[in-house]
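Morning, everyone. I have one model to walk through, and I will keep it brief.

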Amino acid sequence: ESYVRVTNDTNQSATYTLFAYVGPFDDNGEDANDAPTSAPNLSSLDQGAIETLGDEDYYRVAVAGDLVFSANGASSEIASGLRAEVAKADGTVLATLRPGQNYDRVIPGDTVRVFEDGNDRAGAAAVSRYAVELIPAQ
């Protein structure tokens with residue numbers, strides 16, 4: 001089920017063009033990764049996609065290491081708004097990463113929240129895919 005609401009607050013007539021995509025949801029981490037309490041453990045590489053507006057994907061750090069956030073599979077428009085927020089177990093935010101940025105020294109119990117800044121961009125996995133990689137400490 002889908003709907004569109006267009007509001008025109010002026011007395012001027014306006015023409016709108018609507019573009020809609022239909023594509024299979026390909027983020028197999030859904031619905032488990034939608035909340036910190038059910039977040040999958042991250043011990044190496046995991047991928048996801050921001051396929052619906054307001055989608056947030058959570059991961060629980062399972063081993064100490066460095067976090068790498070990338071969005072090589074996302075369109076430039078969506079990638080520009082993708083963020084990975086690293087937080088301690090108590091919710092204190094340690095860093096907010098853009099694609100291509102890394103964060104050193106995550107520890108077990110930390111969480112990673114991936115979202116689109118502004119919650120106004122999403123798309124099929126072919127244009128909204130990202131990766132979070134945990135490189136274990138040596």
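V6 sits in the segment before β1 (41-42). Strands here are DSSP runs of E, at least two residues, numbered from the N terminus. This is a predicted model, where local features need pLDDT of at least 70, side-chain atom pairs count only at pLDDT 80 or more, and totals for chains, interfaces and linings use all residues. Residues are numbered from 1 along each chain as its sequence is written, and side-chain values use heavy atoms, with hydrogens and water left out.

Back to V6. It is partly exposed, at a relative accessible area of 47%. On the terms: buried is under 20%, exposed is over 50%, and partly exposed lies in between, with a 1.4 Å probe and protein chains only. V4, V6 and Y16 make a nonpolar surface patch of about 310 Å². A patch takes residues with over 30% relative accessible area and no salt bridge, and nonpolar side chains are joined within 5 Å. A salt bridge means a side-chain nitrogen of Lys or Arg within 4 Å of a carboxyl oxygen of Asp or Glu.

Now the sheet. An open sheet holds 4 strands, in the order β2-β9-β4-β7, with antiparallel pairing. Pairing needs at least two DSSP bridges between two strands. From one strand to the next, the twist averages 20°. Strands β4 (residues 65-70) and β9 (residues 129-136) run antiparallel, joined by 6 bridges. G65 has P136 in β9 as its bridge partner.

Next, β3. In strand β3 (residues 57-61), 4 of the 5 residues are buried, so the strand is largely enclosed by the rest of the structure. β3 pairs with β1 in the parallel sense, over 2 bridges. Towards β8 (residues 111-116), β3 runs antiparallel, with 4 bridges. Y59 stands opposite V112 in β8.

Which residues do ring pairs link into a cluster? Y59, F69 and Y130. The structure holds 2 aromatic pairs. Rings of Phe, Tyr and Trp (its six-membered ring) pair if their centres lie within 6.5 Å; planes under 30 degrees apart are stacked, over 60 edge-to-face, the rest tilted. Y59 and Y130 have ring centres 6.5 Å apart and planes at 80°, so that pair is edge-to-face. Y59 is in strand β3 and Y130 in strand β9, so the pair ties together parts 71 residues apart in sequence. F69 and Y130 form a tilted pair, 6.3 Å centre to centre, with 50° between the planes. F69 lies in strand β4 and Y130 in strand β9, 61 residues apart. Both F69 and Y130 are buried.

Key
Axes fitted to C-alpha atoms, helices over the stretch in contact; angles between N-to-C directions. Patch = residues over 30% accessible without salt bridge, like charges linked within 9 Å, V, L, I, M, F, W, Y side chains within 5 Å. Areas by Shrake-Rupley, 256 points an atom, 1.4 Å probe, with all protein chains shown as cover.
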